[in-house]
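This briefing gathers computed features of one protein model, grouped by topic for a reader who wants to follow them residue by residue. Please keep the structure in view while working through the points below.

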Amino acid sequence: MDDPYARTVGHIDELLVMIFSYLDDRSLSRVACVSKHWSDIALDCLWHEVSDIKRALTVLAPLSLKPERSTGSVTSIRPPNAYAFKRPLTPADWQRFQRYSHRVHRLRHDQRQARPSAEREKRHLPLHSKVFDELSASCPYPNIFPNLQSLTWFSCAPIRQHHVLTFMHSRIKHLGLQLYRSDPPSSTIFLEQVCARCSGVTSLELRLNEPVRHSEVDVLVLLHGLYELQQVSLPIFSLTPSLFTELSRLKHLVTISVGHPAQAQPGNREDVAEFTPTIPQDGFPALRNVAFSSQIPHATLLLKNTIFPARLTQLHLKNVMTTTPGELREFFCVVRDRCTSLRDLSVDYIIAPDSPLTVPPPPLEDRLDITVFRPLFSSRSLRIFEFRWDYALNLMDDDMEEFASNWRSLESLQLNPEPVPDPHGPKLSLRALVPFARYCTNLHYLALHIDAREPPEPSCLCEPSIPRFSRLDTLAVGLSVITKAEPVTLFLSQLLPLGCHVNCGLRWPDAFDFALERALVPLDVRTELSAFWMRWTEVAKLLPIATKARLEEQARFVALERQMEALEVSRSEDRRRLTHLEQEVEDLRSRTGCSPSG
């Protein structure tokens, strides 16, 4: 490569940004020393998102450990337990820091997150309260990070949550806060300051350290002051009727979401047990995606008696408790009739330590069957369906034929893949996968709870009318029953495309184990689940090899068939030529009068 071309490539900003995005912080620091041009781009990548506020502030001035007074005591002094500036900040410090501060677009301070295993034994020391006081008092500019657009501040204690005010300004669009209960005057003043400084926030993520009933008033103050919100995320079981009613007044709100089930520990199902919000006729004018927790009958009434469901494209219901097949079927009928634009539907009963489970399990005839799901077959716009319940459903392989043939537009299906184990077990076998391979050509994610103890014979799928999955990326099986990995692998290698992953296990293992213990599931059954996981893991390892070998075998068979067809065509051509030559000979003899004997 000649020098002019090398200089040209080395000065393409878009290409450099793409390359630098794959580098870690240490490598970016080295790249910044190459040239001034590279330095600007590397520093932009390095400072775009700050997740260690302490390390960022050391660029402003050096930090050292200092003692911090205990809460509620004036004379009690602890050993050095917080980082503070070694010296007062000067204008020269801020002028030097300005080179980096304007590059920061995202600031994330999470004192509650799990640290790497190598650092878990190290004592985590926070920043001294004086650091934030000195930042606010000495900064000569209107904002410390003037281009900050996303601010996430999950503090570890109530006395530290107000430190986030130091970095707030009107340009911030995403705000994540950890709210703690405190005295009404101080908490109200803090939240009013948040609303005043971040009035233009469009995305809000809230975390709580206790049930929402203790901080519902504070959340209401926050929602009332941030009137430009377009997205709101709350912990599961924290979206109460009062909060839902307040959200309905936001004119620009598009999405309401809830956190991951593993973050549901502070929540309490009782806070949303009676979910009957009062929604005005003009409520939720822009809402398209909604998630909330309630009982099935309450959700049915909400969708039936309001106008906004007709505009929904995504509906996620975190079910508080199980219900009867009739009530669930009625809910699906209302979804079909009222949510005419819906593309994504999720009904999720979370298996958690506090989940109310029926002991002993209900008989098979009292469980959900195919009749419950039939109303959804008429929802032609629905593409994604997730359904999670407590125990295995009363579904057979033939039901999957009806399911797939009537819902050919499915792109993702999760049909109770992680139920609580019970003596009845799943009634679906590996044959249940075949209808989805035949009819659902756009399916890319499939999750089922199946009985894989007796895989069908390989010959049963050798018919040309049964195609292989064309777009499936993931097959999730939870902890489905399995005895041997090899025959299951051979069977799946005929259906799944190359590159399709087999996922097994649980989304929330610790909580699931507590729930099984409360459901009086015997210890030997729970131990057997570990054996199922190991066998499915072996299937996941063997499947790519088996699938590739089978595809190569099929390719060789197809090539051999084409060779046979080519030979047959060649033989037919030879016969045609021979017949033509014989006809010419006969014509020649007839013209010359020569006989074959002559």
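On the surface, Ile12, Leu15 and Ile19 form a nonpolar patch, and together these residues have about 220 Å² of accessible area. The model is a predicted one, and the values below are to be read with that in mind.

**Surface patch**

- Leucine 15, one of the residues of the nonpolar patch, is found in helix 2, which covers residues 13-20.
- Leucine 15 counts as partly exposed because its relative accessibility is 32%, a value that lies between the limits of 20% for buried and 50% for exposed.

**Second largest pocket**

- The second largest pocket holds about 510 Å³ of space, and 31 residues line this pocket.
- Among the lining residues, those that lie nearest the centre of the second largest pocket are Pro421, Asp422, Pro423, Gly425 and Val525.
- Helix 18, made up of residues 523-592, gives the most to the lining of this pocket, contributing 5 residues.
- By class, the lining of the second largest pocket divides into 22 nonpolar, 4 polar and 5 charged residues.

**Cavities**

- The structure holds 4 cavities of 30 Å³ or more, and the second largest cavity has a volume of about 80 Å³.
- The second largest cavity is lined by Ala392, Leu393, Leu395, Leu415, Asn416, Pro419, Pro426, Lys427, Leu428 and His449.
- In the lining of the second largest cavity, 7 residues are nonpolar, 2 are polar and 1 is charged.

**Serine 429 and its loop**

- Serine 429 lies in the loop that runs between strand 14 (412-415) and helix 15 (433-439).
- With a relative accessible area of 17%, serine 429 is buried, since buried means under 20% relative accessible area.
- Although serine 429 and aspartate 397 are 32 residues apart in sequence, their C-alpha atoms are 6.7 Å apart in space.

**Salt bridges**

- Because aspartate 40 and lysine 36 are 4 residues apart in helix 4 (residues 36-47), about one helical turn separates them.
- Within this pair, aspartate 40 is partly exposed, with a relative accessible area of 29%, whereas lysine 36 counts as exposed at 67% relative accessibility.
- Lys36 and Asp40 also belong to a network of salt bridges, in which they are linked with Asp44 and Arg103.
- At 29% relative accessibility arginine 108 counts as partly exposed, whereas aspartate 110, at 13%, counts as buried.

- Most residues other than glycine have a negative phi.
- Phenylalanine 237 has a phi near 70°, which is a positive value in a residue other than glycine.
- The place of phenylalanine 237 is in the loop between strand 8 (231-234) and helix 10 (241-247), and this residue is buried, with a relative accessible area of 3%.
- Phenylalanine 284 has a phi near 50°, again a positive value in a residue other than glycine.
- Phenylalanine 284 has its place in the loop between strand 9 (255-258) and strand 10 (289-294), and phenylalanine 284 is buried, with a relative accessible area of 0%.

Notes: Residues are numbered from 1 along each chain as its sequence is written. This is a predicted model: local features need pLDDT of at least 70, side-chain atom pairs count only at pLDDT 80 or more; totals for chains, interfaces and linings use all residues. Side-chain values use heavy atoms; hydrogens and water are left out. On a 1 Å grid over the protein atoms alone, a cavity is a set of points where a 1.4 Å probe fits but cannot get out, and a pocket is an open set with protein on both sides within 12 Å along at least five of seven lines; lining residues have an atom within 4 Å of a point. Grid points are joined across faces, edges and corners, and a volume is the space filled by probe spheres set on the points. Helices (H or I, at least four residues) and strands (E, at least two) are DSSP runs, numbered from the N terminus. Ala, Val, Leu, Ile, Met, Phe, Trp, Tyr, Cys and Pro count as nonpolar, Asp, Glu, Lys and Arg as charged, and the others, Gly among them, as polar. Patches are made of residues with over 30% relative accessible area and no salt bridge: like charges are joined within 9 Å, nonpolar side chains (Val, Leu, Ile, Met, Phe, Trp, Tyr) within 5 Å. Accessible areas come from the Shrake-Rupley method with a 1.4 Å probe; for residues, only the protein chains shown count as cover. A salt bridge is a side-chain nitrogen of Lys or Arg within 4 Å of a carboxyl oxygen of Asp or Glu. Buried means under 20% relative accessible area, exposed over 50%, partly exposed in between (1.4 Å probe, protein chains only).
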